[in-house]
Amino acid sequence: MPNIVVVGTQWGDEGKGKVVDVLTPHVNVVVRYAGGNNAGHTVVVGKEKYVLHSIPSGILHHGCRCVIGCGVVIDPGALIEEMETLVQRGISLDGNLFISKNAHLIMPYHPALDRASEAKLGSRRIGTTGKGVGPAYMDKAGRVGIRMADLLDERLFREKLEINVAQKNRLLREIYDAQTFTVDEILNHYLRYAGWLAPYITDTPLLLSRWIDSGYSVLFEGAQATMLDIDHGTYPYITSSSATAGGAATGTGVPPTRIHGVLGVAKAYTTRVGAGPFPTEMKGEAAEHIRARGNEYGATTGRPRRCGWFDAVVLRYAARINGLDTVALTKLDVLDQCEMVKICTGYRVRGEVITDFPVEESVLSEAEPVYEEVSGWGTPTSHVKNESDLPAKARQYVERLEELIGVPFCLISTGAVRDETIVCEDSPLLRWFPSVRASLL
Ligand code: IMP
């Protein structure tokens, strides 16, 4: 049974939630491997809309086992709120949700440090979600982080908390002139959370290994995306986790040798939230049109997303870094009313055209997009079931993207609900999950 990674190829918000939702009926387990509640996965099932932040979207399917892996950082208060909302809407978590003992906790001082650091950075601020994700990963790398397993051991938890609170209070007071915390206040809250979460906390790498041994199929649900990855993204305007496909192994404890393929998710145009370089960013009315039609507002923060044309340089880079076997193209319908659609095929930098994504901040900040134009199709695509039935100009657009990226497309999404999805011929997806097409008819 195949174990497949689903990864964002741009700056996030590509529609990974919908793709995971379409594939979940064909797997037994969905596991989140990176990030925290900075993510917002929107899934529409029938008339119901769900926004998930920490829990894999597989939870919406009866019987699917969902794992929050060790690469994820968890705000326990926010997670419990998310769990309660799902339970209130009739979704069963017991026996379906498993949380890694090794996942690190987001503590109350992390969002405080996140916000204080952003305020101090001035014009070089990153535009974080303010959820404390960066400071939590700083503690993890600095070996002073507190993990889910520690939450279950009151003595150890208190000891680690005391060291951290003393250190963070100094930082908050002396560097940032911000509000400080007391050990008892945090302890009270977190021990209550421990009581709630204890039944779900377990050795998830062991569980995943046993499940794979017994023939279960696992989907690795990426959060954020390639261009926000700590190593491969547009540093420093990135998130703090390994969002690319490599993170699926370290973030879950499933070895790379047991992962069989990587599916990239790409939006038919590009968006980005927060600061940082964005070569194909649109300005004015064009951006407004895409933002309104695509409802491009952050699922976590509500911030308007920056909108731009499709960037094939970014996609080729994502294909290389993640080893993409196939790509799901999303939100094609958002472009239905555009008179003309642009594709960025290269960057002009200091008089030269380059087609490999430049990793240096200084080079990228000077990159001018080189565009190819395709005329618009002016016809709705949402009802289309086969690639061959797409309007000719839309097909031309999709085929050109595929050619520029050099990776076959497997799905084309033309709306928010599950059945607004075209399954492409001859893609690895149909080898992995032969019944995907039938399940969408
Ligand atoms: P942080 O992850 O909150 O530290 O934010 C760092 C950068 O990643 C900011 O530019 C955020 O807007 C961006 N970011 C984090 N999570 C997401 C996401 O789920 N979608 C899109 N951008 C994100």
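I searched the whole structure for salt bridges and found 22 (a side-chain nitrogen of Lys or Arg within 4 Å of a carboxyl oxygen of Asp or Glu). The model is predicted, so local features need pLDDT of at least 70 and side-chain atom pairs count only at pLDDT 80 or more, while totals for chains, interfaces and linings use all residues. Residues are numbered from 1 along each chain as its sequence is written, and side-chain values use heavy atoms, with hydrogens and water left out.

I looked up Asp-21 next. Its side chain meets that of Arg-418 in a salt bridge, 2.5 Å from N to O. Asp-21 lies in helix H1 (residues 16-23) and Arg-418 in the loop between E19 and E20, so the pair ties together parts 397 residues apart in sequence. (Helices, H or I of at least four residues, and strands, E of at least two, are DSSP runs numbered from the N terminus.) Asp-21 is buried at 1% relative accessibility; Arg-418 is partly exposed at 28%. (Buried is under 20% relative accessible area, exposed over 50%, partly exposed in between, with a 1.4 Å probe and protein chains only.)

I then checked Lys-16. It bridges to Glu-14, with the closest N and O atoms 2.9 Å apart. Both residues are buried.

Helix H6 (residues 154-175) holds Arg-158 and Glu-162, four residues apart, about one turn. Their salt bridge has its closest N and O atoms 3.8 Å apart. I also noted a network: shared partners join Asp-13, Lys-267, Glu-296, Arg-305 and Lys-331.

Last, I took Val-5. Leaving aside neighbours within four places in sequence, its contacts (heavy atoms within 4.5 Å) include Tyr-33, Phe-220 and Ile-259.
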